[in-house]
Amino acid sequence: MEKYKEIERTIIKTYRAHLWAPFVKALKEFCLLKENDKICVCISGGKDSMLLAKLFQELSRHSDFPFEAKYLVMNPGYNEDNLNRIKENLKILNIDAVIMDTDIFAIANAQEKNPCYLCAKMRRGALYKLAKEMGCNKIALGHHYDDVIETTLMNMLNSGSFQTMLPKLHSENYEGMELIRPMYYIRERDIVRWTNYNELKFLNCACRFTEGISLESLHTGSKRADTKKLIKELLKYNPLVEKNIFKAPFNVNMDKIVGYKHHDQYISFLDNYKEE
């Protein structure tokens with residue numbers, strides 16, 4: 001049996017309960033996929049997006065209704081070694097992806113301040129533009145369960161706001177385009193287990209701005225890395241802390257909220273408070 005077929009079997013057999021089942025659950029629960037949708041599955045080269053592509057390939061063989069998935073690698077300016085690694089993994093996994101070259105890294109890294117913010121903004125805009133040109137109406141990203149809880153906690157601790165990563169949202173600049181996150185219920189540790197089981201090696205960080213920085217440095221000093229460490233510490237306090245952070249945005253009690261934003265309007269609890 002060819003290697004890619006063995007890898008596909010591990011998704012629906014060995015790790016069915018941890019990868020395939022939560023993937024299908026998110027699709028159904030959040031209504032992420034509809035008949036005749038054209039999905040642009042975005043592949044960055046990391047473990048998450050590569051798994052996402054394989055999940056959509058599997059879904060295309062089992063779906064009850066027709067849809068189309070197109071696979072896109074938006075190259076922001078990877079060095080030759082990283083780009084070759086991506087191409088090699090696409091071949092190993094039997095993913096027929098289109099590689100679109102851009103100069104985003106070069107433009108972002110030329111800025112003295114906030115190159116990471118500019119890079120992220122440009123990459124997002126490029127993905128929407130390319131997906132639109134490919135005739136797609138939805139973009140699928142590989143954000144998972146752990147990304148959700150980290151984002152929720154980061155917003156609370158660093159921005160003083162309670163907001164999370166949504167399973168889907170409409171594009172503000174590209175009419176008719178929607179972003180979806182089908183791996184919403186998949187744990188990162190299970191993605192790592194699947195990767196190691198199949199002896200796959202994906203990119204960790206391909207950013208040109210961080211080239212020459214040690215791997216240890218890449219995993220320290222960032223807010224997300226610090227948040228990962230904090231969550232590990234909180235698990236000592238309560239082993240259910242990850243589950244509870246994840247559930248919190250599903251269980252907001254509006255009677256106990258001091259204020260909230262709806263679109264551009266701020267609503268205070270005083271607006272509906274009746275003095276006795």
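## Ground rules

The expected span of a helix is taken here as 1.5 Å times one less than its number of residues. Helices (H or I, at least four residues) and strands (E, at least two) are DSSP runs, numbered from the N terminus. Keep in mind that this is a predicted model: local features need pLDDT of at least 70, and side-chain atom pairs count only at pLDDT 80 or more, while totals for chains, interfaces and linings use all residues. Residues are numbered from 1 along each chain as its sequence is written, and side-chain values use heavy atoms, with hydrogens and water left out.

## The sheet

Let's start with the sheet. Six strands make it up, in the order β3-β2-β1-β4-β6-β5, and it is open with mixed pairing. Two strands count as paired if DSSP finds at least two bridges between them. At the edges sit β3 (97–101) and β5 (168–170), each pairing on one side only. Ignoring direction, neighbouring strands are turned by 25 degrees against each other on average; axes are lines fitted to C-alpha atoms, for helices over the stretch in contact, and angles run from 0 to 180 degrees between N-to-C directions.

Now for the partners. β1 (residues 38–42) pairs with β2 (residues 68–75) in the parallel sense, over five bridges. Within that pair, Lys38 has Glu68 of β2 as its bridge partner, and Cys42 stands opposite Leu72. β2 and β3 also run parallel and are joined by five bridges, with Met74 partnered by Met100 in β3. β1 and β4 are parallel too, joined by three bridges; here Val41 stands opposite Ala140 in β4. Four of the five residues of β1 are buried, so this strand is largely enclosed by the rest of the structure. Buried means under 20% relative accessible area, exposed means over 50%, and partly exposed is in between (1.4 Å probe, protein chains only).

## Crossovers and helices

How does the chain get from β1 to β2? The path goes through helix α3 (residues 47–62), and this β-α-β crossover is right-handed. From β2, the chain crosses through α4 to β3, again in a right-handed β-α-β crossover. The handedness test is simple: with the strands pointing away from the viewer, the path from the first strand over the helix to the second runs clockwise.

Helix α4 (residues 80–93) lies across β2 and β3, running at about 165 degrees to β3. Helix α6 (residues 115–133) packs on the sheet as well, touching β1, β2, β3, β4 (138–140) and β6 (178–180), and its direction makes about 140 degrees with that of β2. Contact means heavy atoms within 4.5 Å.

## A look at α6

α6 has 19 residues and reaches 27 Å from its first C-alpha to its last, close to the 27 Å expected at 1.5 Å a residue. Its buried residues are Pro115, Cys119, Ala126, Leu127, Tyr128, Leu130 and Ala131. The cover over them includes β1, β2, β3, α5 (104–109), β4 and β6. Just after α6, Gly135 takes a positive phi of about 80 degrees.

## Cysteines

At 54% relative accessibility, Asn36 counts as exposed.
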